[in-house]
Amino acid sequence: MNNKDILGVVLKQTCSLALWLTCLFATNLHAVTVNFDTTDIGVTKKSTLWTVGTSYVNESNMYIGSEIDAMRFGAVQEYPLEPDGSLGAAAKAEIDGYVTKLNLVPGLNSVTLMASSAIDKVDLYYVAANGVDIIPERWRDMFKAYIDYVENTHGLTVVLIEPGNETDYGNKYKNKDNWADIHAAFMADPVLSQYPIVGPSTLSAGAAANWWSYVKDNTDWGATHTINGTMNQYINYLLQVKGEGKPYFASENHSLAEMIICANYDCLGGLWWRVSQDKGDWTRVNQISRQIAYVEDRPNWTVATVYKEPNKIWLFASGGTRATSNSATPTTYTFTATDRDVYFDGVGPQRTYEVVVDKSTTVAVEVTWDGGDTIAPTAPTGLVATSGLQSVSLNWADNVEGDLAGYAVYRSTTQGGPYDEIATVESLSEYDDTGLTANQTYYYVVAAVDNSGNESVVSAEVSETAGSSGGGGAIDFNPTDDTYANQKDPSLTHGTEASLKFKSAGSKARQPFLKFDVTGVVPPVTSAKLILHNQLSAADATLHTVANNSWSEASLTWNNKPTIGAALGTITSPAANTWVEFDITGHVTADGTYSFAVLTSDTSSNARAFDSKESGFIPILQVTDSANVSPPAAPTGLAATADADGSITLDWNNNTEPDLQSYSVYRSTTPGGPYSSLATGVTSSTFNDNAAVLGTTYYYVVTAVDIDAEESSQSAEVFATAADTLPPEAPINLSATAGDAVVDLNWGDSFEPDFAGYRVYRSTTSGSGYSLVANGLTSSDYSDTSVVNGTTYYYVVTAADASGNESADSSEVSAAPTGPIVLSFNPVADSYNKQNKANSNFGSDTELHAKVVNGQSKDQNSYIKFTVTGVTGPVTSAKLRLFTRNTMDDVTVHSVGSSSWDEATLTWNNQPALGSALDTLTVISSGQWIELDVSTYITGDGTYTLGLSTTHSNNTARIFDSREGTNVPVLDVSF
């Protein structure tokens, strides 16, 4: 998509081609019309790699059937490796169980390997001394042992590996640098690096970009789950991965919506977390049909799409895992046939079909119409290809069918295919394929498509090599021939192999040869480099000249190889999976044919190899000449827009230079710079800065770069402030537990990357009247102690992000705190006595006394009798409360064993004996209530007598109000 606005291209390609503007403006509504035309030619939106988890494989649940390409096996990190580095018996048994499930799918023999998401399952053998980090080398060796057992014991094929899974879940793995080290260990390993390394496979799409920044340099495919995060975050991350030139793989799909989105943005494929009939229908249709409409409701996390088979159309709609629930506002999609009446699942004829989509909805509807055409057009004829500057122009004869809708253009870099569909052409029988690699040969076929969706067989194939710059700057050439000669098999050819093998080991030497045709160079040549991709680590490699250019890769053997000439340069100890360069400036001086050979002094038996032109890493001869060239013009129309999710989108006008290669984006926090490089190799005239810090104003300029690496001057500067207006997701799983004067709240953690804190709201009315009781909480729990027992309280919780955006309320919970029951009793009798008036009774007095005067017969004691009733549980507390009449030094309360006394007859001579001391208070002021703890004596219902005495000897009585006084004594009993 060179020099195209991404959103516009996606919508033009995926919405009904005549009505794509309607689709564009519908994408932010909750009532969306999905227009489709049954004659629309559509576009191919096919994802090819489909996998499924072992948890959802059984004989009655395989709706997707033959569309499954691989099954995901969970790694066995709960078991340590054996001393020899192999898997133990328990690990092997677990894999054997996976294989049993895999055998339920006929013909399936490929697997993907994934580390478990459960940190508590990781054996300590793999964990570092800090108890948190993973030891990269042991994690690497575990995967290698796993691969060995899966491939060599069970004969299966591993198609990708995921070093981690949901590493952001609950912050369980914590250290992103540790996972960067793990990925680096995988990529550096000659065994593991042969497989696509996929990651970071985060639980939240919102966390994916941040984790990706740590691991992307050692990760082949980007991936995330969407159990959390917004649709914007999911799509922006997917586009970021693809914008960096790497494939995207949906490593765990929990809804059809996620996979519809992924396929629409050209991802490789994905893993079905669950399978169903609707998902199976879509997977099959996605493989064989063409998309004619596509819409998104991003705020609601829903999506709808329309696919067309010959004489049949399929409507699909689905909500993602983060879509609105049944109780919220879902999306209403109205599918509308714009050109004719149709039948929706057999109901019709009619033009519209309405479906309401929330997080639980997955819809697949079959659309048919009468009088369908089943006759495909004839194949186009007269296809010719003409080379241009990094482009190829195609032209062919017009088809004559009256119902012709257009043409589909297919391209490959391999003769005979397989081909990728690169364009649909609706009116003209011509197409310009631009933005190609100079000196690369491309192969093309064209098919005709009619209004009913019938597609012809393809035309005859044509090929053409895209032109180079024709002088000025660096020009890249790929080999016309490359192969190697093998001394062990001196008469064999190896021209079709993907490796250029070399070594020097007795009678088993191997020598690579490469040949290049150099054209379009304007002397003098200022630089020439041979750039090769090293497959395996090597001791050394020396590049040599070869004077004879008459050899070909189809016939070269050890017996007829050309004579090897002088050495041009040597590299030592090149690392595996890296590009290496030989500087051959002075050897390549002008147009011509140049041959080279590689020798090594390494006499070990180890195999050494560079990638050949048949591999994914084609050798390059890069020649830089000195012709004067003009850089592109500075880009114009640059604009910066702050997005709701905190990112900043840049957009500018397309440059028109025919040799334009890409754009570079620069950023500063100061007007006028200095600027730092933000992105290079940008191939569309739009860019999303999702690394902006919220609240910061950024200043941007953009430059254009041509195929000779000539860079334009800077565009005019623009600026924008990153401002996040997107609220977090509402907290989930709120619960409330009542206690004594307290309500304890707990809820699920927020996974928002810019999470700032929680807010707790409370009301005494359900559904309204909330007031804020706590703010800025960083943990997902709170104890509300400002409550009154016996009152019902209603709570909701919200989450806030770093920009102050607040989520919607959580679901409401309620609780009513309760405390102990307290019963209060007044005395049924009280009195005091005097030693010096041993036969006197003071039962009707308004006072109670306690006094001791040593040796003077003036001691005084008091007695208080209570009848306790109504206690229905264990006594937790009992307190005697008395009101003081004077200031005193101390008073002690005692248990009294007998309660048979009467306040009208109690004297010093007949008083019951005071029992054990229960509590003592000292330094007591006059005119106040005091409290004495008698909990150890009062045990339940019954009659109890308490006695008062003092130990401080003086001539002063301790005086309290009696039950005849103003402030009657009280016994408080709690249970």
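## Exercises: a cavity and a buried lysine

In this predicted model, β6 gives the lining of the second largest cavity its largest share, three residues.

**Exercise 1.** Describe the second largest cavity: how much space lies in it, and which residues line it?

*Solution.* Let's start with the search itself.
- Step 1: over the whole structure, two cavities of 30 Å³ or more turn up.
- Step 2: the second largest cavity holds about 40 Å³ of space.
- Step 3: its lining is made of G164, T167, W179, H183, V198, G199, P200, W211 and V215.
- Step 4: At least two lining residues come from each of α5 (176-188), β6 (198-204) and α6 (205-215).
- Step 5: Five residues are nonpolar, four are polar and none is charged; Gly counts as polar here.

**Exercise 2.** Find where K308 sits, and work out which groups its side chain reaches.

- Step 1: K308 belongs to strand β11, which spans residues 302-309.
- Step 2: K308 is buried, that is, under 20% relative accessible area.
- Step 3: look for a partner of opposite charge. The nearest such side chain is that of D450, 5.9 Å away. A salt bridge has to fall within 4 Å, and K308 has none.
- Step 4: turn to the backbone instead. The K308 side chain reaches the backbone oxygen of T38 at 2.4 Å and the backbone oxygen of N451 at 2.6 Å.
- Result: K308 is buried without a salt bridge, while its side chain reaches backbone oxygens of T38 and N451.

Definitions and conventions. Residues numbered from 1 in each chain as written. Predicted model: local features only at pLDDT ≥ 70, side-chain atom pairs only at ≥ 80, totals over all residues. Heavy atoms only, no water. 1 Å grid on protein atoms, 1.4 Å probe; cavity = no way out; pocket = protein on both sides within 12 Å on 5 of 7 lines; lining within 4 Å. Points joined across faces, edges and corners; volume = space filled by probe spheres on them. Helix = DSSP H or I, 4+ residues; strand = E, 2+ residues; numbered from the N terminus. Buried < 20%, exposed > 50% of the residue type's maximum accessible area, 1.4 Å probe, protein only. Lys, Arg positive; Asp, Glu negative; His and termini not counted. Polar contact = N/O pair within 3.5 Å; in protein donor to acceptor, adjacent residues only side chain to side chain.
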